[in-house]
Every structure is written in structure tokens, then in C-alpha cells.
Amino acid sequence: MEIILRQTTFSAGRSPIFRCFRNISDIVGSQTNKQISRSYSDVSGQPKSKSEIDNNKSVSGVENKTMSGFGKAFEKFSLLTRKPLDEPDIKFATLLRHSKFMQLGDPQGKVVEGKIIRVVGNDLYIDFGGKFECVCQKPLKNERDYVRGSRVRLRLQRLELSTKFLGATKEITLREADALLVGIVRTLFEHKF
Amino acid sequence: MIRTIANRFKWNAARYFTQTCSINSDASLCQNAASLKVDQLADIKESELKEISDPLKFPDYFGVRKLFRIKDLFDARIHYGHKDGTLDPNMKPYIFGSRLGHLIFDLDKTAEMLQDALNFTAHIAYRGGIILFVSHCPQHTLTVENAAKQAGEYAHAREWDFHIFTNSEKVYNGVTRLPDLVILLSTLNPQMQEHTAVKDAAKMCIPTIGIVDSNSNPNLITYPIPGNDDSPAAVQLYCNLFRDAILLGKSKKPMEVY
């Protein structure tokens with residue numbers, strides 16, 4: 001989940017220069033990030049006056065001119081190929097709070113996308129990113145599309161099938177999720193025309 | 001300690017000997033090369049010599065801490081537990097919380113315990129111990145057996161024979177060497193009961209490392225690792241980590257064979 005923060009800076013009484021940050025690591029992070037964010041200054045889209053450009057040059061002391069074309073693209077993509085060990089270790093609580101699992105809330109009725117990982121006869125074993133996979137019957141319509149690797153849409157019922165039987169103190173789990181197959185998103189089957 | 005001092009004398013003696021004879025010939029060229037190496041060896045600090053002699057004195061001699069990060073555990077879905085109704089009371093300290101009935105493991109605690117377990121595995125492998133991977137989940141048999149094969153160790157991912165550990169001499173018709181470490185990828189069998197290996201390893205005084213899910217009992221396991229044991233991604237990650245820890249342990253050759 002991307003968090004976009006706007007920070008305004010005032011330079012010698014001129015109008016504020018807006019900076020757009022991509023994610024938390026940009027704020028916390030290193031010198032290179034600050035350099036890159038400076039080159040993306042003025043997201044507001046207002047026409048820059050000559051005095052503003054001069055000011056921009058003086059504020060970003062390291063870079064004398066704003067990057068464009070190849071230079072800009074190179075700096076943007078060097079961020080993406082940065083090794084994971086260079087980034088600070090994200091805390092578990094933060095990861096959990098911003099995970100899809102938390103965003104889901106009550107799984108009942110929620111539509112998710114899954115991938116077919118196994119096909120056994122008429123049964124499709126679909127993994128949608130939860131703890132367990134769900135098992136659905138292969139529909140009669142577009143039967144050929146449902147192969148291993150195809151992406152399908154599901155309506156979740158339960159993330160885990162576990163209930164207490166009469167007289168028991170503990171529940172018994174089936175180690176399986178429960179979902180309804182809605183349709184296909186993308187199939188790996190190559191239709192021959 | 002005495003052994004290291006003796007080595008030092010040996011190296012210093014060699015250096016003295018090579019310096020006295022400085023004739024230009026093939027033999028002396030080789031000796032000069034050797035003397036260069038000896039010089040370098042003699043420059044090693046005493047603290048480094050201590051490191052070579054006793055890996056147990058260090059908290060993370062093999063660097064198992066670098067094998068994983070919390071983000072890797074998170075992406076492999078290790079924080080997912082079962083539901084509230086199947087919770088074993090002994091697992092309560094390791095649970096972060098419950099989200100609409102679904103339990104979540106505290107990955108900070110899991111990471112710490114996983115580090116201890118991997119460190120222990122590496123030390124056992126370093127000393128030439130036999131490691132047995134055990135799992136009874138049919139879904140993960142291939143993953144577990146492949147990991148054991150790659151690590152050069154053993155796996156038992158099929159139905160457990162009751163007398164393998166406790167009556168091994170009768171079962172195998174001879175004196176058998178039991179494993180020095182048992183790694184359980186799942187402490188439950190398909191009938192949702194505790195795997196026999198847990199009890200038997202404890203009886204035979206074999207240390208165990210076990211992945212305990214929220215419905216398992218961690219009491220008899222030496223190094224329990226609270227986490228998900230059902231998702232294939234999670235089991236794949238554990239197998240990779242244990243395999244890497246074993247290979248790390250084996251890569252450093254011990255000075256003496258115990």
C-alpha cells in the first residue's frame with residue numbers, strides 16, 4: 001500500500017515547492033532518496049517562473065540542474081533494483097497492519113483473485129493467498145480454460161473450515177478454505193482458432 | 001589453548017628457518033612463498049585463533065541471522081495460525097492476536113526462536129551429526145525429501161513406524177546410530193494427533209526442532225518454532241532455511257573431529 005505524503009518547504013518567501021514521496025522508506029531513508037525526490041519537485045503543475053527555477057537550483061545544492069530523459073529514468077529505476085538488505089527491516093506490526101489480510105476484514109462475501117495450483121479430476125485446488133487453499137468444482141462452461149496456473153475469481157465464504165462437533169471441547173479443522181468460483185480472469189490455456 | 005600456542009611456535013620456527021637460507025633456487029623460491037604465507041599466519045591476532053578453536057564461544061558463529069528477514073517470513077505466510085477454537089493453551093505466549101477468530105503469530109518471537117534453532121542446526125552439522133527431517137503431511141513430502149537430499153542429510157516423510165527409535169536394534173537387525181537432531185516440519189500427523197517422533201525423540205534424548213502451529217503442543221520439543229505449518233510456501237521456506245543452515249555448518253571444517 002503506497003502512502004503519499006506531501007511536505008511543503010518555503011524558500012525565501014516564494015510559493016511552496018511540493019515534494020511527493022513514494023513510500024515510508026523514502027522519508028526514513030538515505031541520501032540518494034532525497035536527491036531523487038528533489039528532482040521531482042513541483043508536482044502542483046503550476047508554471048514555473050524564472051526566479052523559482054533559480055531558487056530550485058539553490059535549494060537542491062547537490063544537483064545543479066533538474067534531471068530529464070535518460071537521467072531521470074535511470075535514477076528512478078536504480079531505486080527499484082536496490083538490494084533488499086540495503087532497506088531498513090520493516091517491523092512485523094507495520095507489515096501486518098498494511099497487509100491484505102487486515103484490509104479484507106470479514107472474509108464472508110469478499111471477492112478475491114486466486115491461482116489454480118492443482119487439478120484432480122473435476123476438482124480445482126485454488127490458492128488465493130490465505131493460509132489454506134480452497135477446492136472448487138470445475139464448471140461445465142469454458143471447461144478448457146481451467147488449467148493449472150490459470151487465474152480465477154472467487155467469492156470467499158470462510159478462510160478455514162473448522163467447527164466444533166457435539167460434545168467436543170476443541171474444534172476439528174479440515175485444513176481447507178471455502179469459496180465459490182465466480183469466473184476466470186486469465187487462462188493459461190491457448191485457444192486454437 | 002595449549003594447542004594454539006604450540007602451533008604458533010611451529011609457525012615462528014618455520015619462518016626463522018626460511019630466513020636463514022636465502023639461496024636463489026627453485027626449492028628456496030617455494031620456501032620463500034611458504035614463508036610469506038607463514039608471515040601472514042603469524043600476524044593473525046590471538047582473538048582470531050580463539051575463534052578457530054571454539055565456535056561455541058560465539059552467539060552466531062555461522063551467521064544464520066543473515067539467512068532471513070521478517071519480511072521473508074511474512075511473505076511466506078508464516079504468521080497465519082488456525083482459528084480460536086483449535087488453539088492449544090500452551091501456544092498462547094506466541095500469539096500476537098486474533099483477527100475475527102483467525103490467530104496471528106508474533107513474528108518477532110518466531111524470528112528469535114528460528115534463529116536459535118538454525119544456529120543449533122548449523123552447530124550439529126559442523127560437528128558431523130546426523131540430521132533427520134520428519135514430516136507426515138503428504139502434501140509436503142516432496143519438499144521435505146528434496147531439502148534433505150540437497151543438505152546431504154536424511155528425511156522420513158512417510159508413515160512413522162512406532163519402534164524406529166525405541167526398538168531400533170530389532171527393527172533394523174543390528175546396532176543402529178540414531179539421529180543427533182530431529183527437525184519436525186509439522187508436529188501433527190494427518191489424524192491431528194501429536195506425531196510419535198516428538199515423544200520418541202524425547203525418550204531417546206535426541207534434541208528436536210519443531211514447527212508448532214497454533215493447534216500443536218510445544219512442550220516436548222527442544223527448540224519449538226511457532227509458525228504456520230500448513231501452507232506450502234511456509235514449508236518451502238523452512239526447508240530452505242534448514243538446508244542453508246546445514247550447508248553453512250558443513251562449509252566450515254572443524255579443526256578436530258569429535
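A cavity is a set of grid points where a 1.4 Å probe fits but cannot get out. The exercises below concern a predicted model.

**Exercise 1. Determine how much space lies in the largest cavity, and state which residues line it.**

Solution. 
Step 1. From chain A, the lining takes in Phe101(A), Phe128(A), Gly130(A), Lys131(A), Phe132(A), Leu159(A) and Glu160(A). From chain B, Tyr80(B), Gly81(B), His102(B), Leu103(B) and Ile104(B) take part.
Step 2. In chain B, S1 and S3 each contribute at least two lining residues, and the largest share, 3 residues, belongs to S3(B).
Step 3. Sorted by class, the lining comprises 7 nonpolar, 3 polar and 2 charged residues.

**Exercise 2. Describe the extent and make-up of the interface between chain B and chain A.**

Solution. 
Step 1. Contacts link 32 residues of chain B to 30 residues of chain A.
Step 2. About 2800 Å² is buried between the two chains, with 60% of it on carbon and sulfur atoms.
Step 3. The polar part of the interface includes 12 residue pairs in polar contact, both residues of each pair being at pLDDT 80 or more.
Step 4. On the side of chain B that touches chain A, at least two residues each come from helix H4 (70-75), strand S1 (80-83), strand S2 (95-99), strand S3 (102-105) and helix H5 (107-126) of chain B. S1(B) gives the largest share, 4 residues.
Step 5. That side of chain B consists of 11 nonpolar, 10 polar and 11 charged residues.

**Exercise 3. Which residues of chain A form salt bridges with Asp230(B), and why does the pair with Arg175(A) join two chains?**

Solution. 
Step 1. Over all chains the count is 14 salt bridges, and between chain B and chain A it is 4.
Step 2. The cut-off for a salt bridge is a nitrogen-to-oxygen distance within 4 Å. Lys131(A) meets it with Asp230(B), their closest N and O atoms lying 3.1 Å apart.
Step 3. Arg175(A) also forms a salt bridge with Asp230(B), at 3.0 Å from N to O.
Step 4. Arg175(A) is in the loop between strand S8 (172-173) and strand S9 (178-186) of chain A, while Asp230(B) is in the loop between strand S8 (223-226) and helix H9 (232-251) of chain B; the pair therefore joins two chains.
Step 5. Lys131(A) is also among the residues that line the largest cavity.

**Exercise 4. Locate Glu171(A) and list its contacts beyond its neighbours within four places in sequence.**

Solution. 
Step 1. Glu171(A) sits in the loop between strand S7 (162-163) and S8 of chain A.
Step 2. Within chain A, its contacts beyond those neighbours are Ser162(A), Thr163(A) and Lys164(A).
Step 3. With Ser162(A), the side chain of Glu171(A) makes a polar contact of 2.8 Å.
Step 4. Leu95(A), 76 residues from Glu171(A) in sequence, is 29 Å from it in space, C-alpha to C-alpha.

Note on methods
Residues numbered from 1 in each chain as written. Chains lettered and ligands numbered in written order. Predicted model: local features only at pLDDT ≥ 70, side-chain atom pairs only at ≥ 80, totals over all residues. Heavy atoms only, no water. Contact = heavy atoms within 4.5 Å. Buried area = accessible area lost by both parts, 1.4 Å probe. Salt bridge = Lys/Arg side-chain N within 4 Å of Asp/Glu carboxyl O. Polar contact = N/O pair within 3.5 Å; in protein donor to acceptor, adjacent residues only side chain to side chain. Nonpolar A, V, L, I, M, F, W, Y, C, P; charged D, E, K, R; others polar. 1 Å grid on protein atoms, 1.4 Å probe; cavity = no way out; pocket = protein on both sides within 12 Å on 5 of 7 lines; lining within 4 Å. Points joined across faces, edges and corners; volume = space filled by probe spheres on them.
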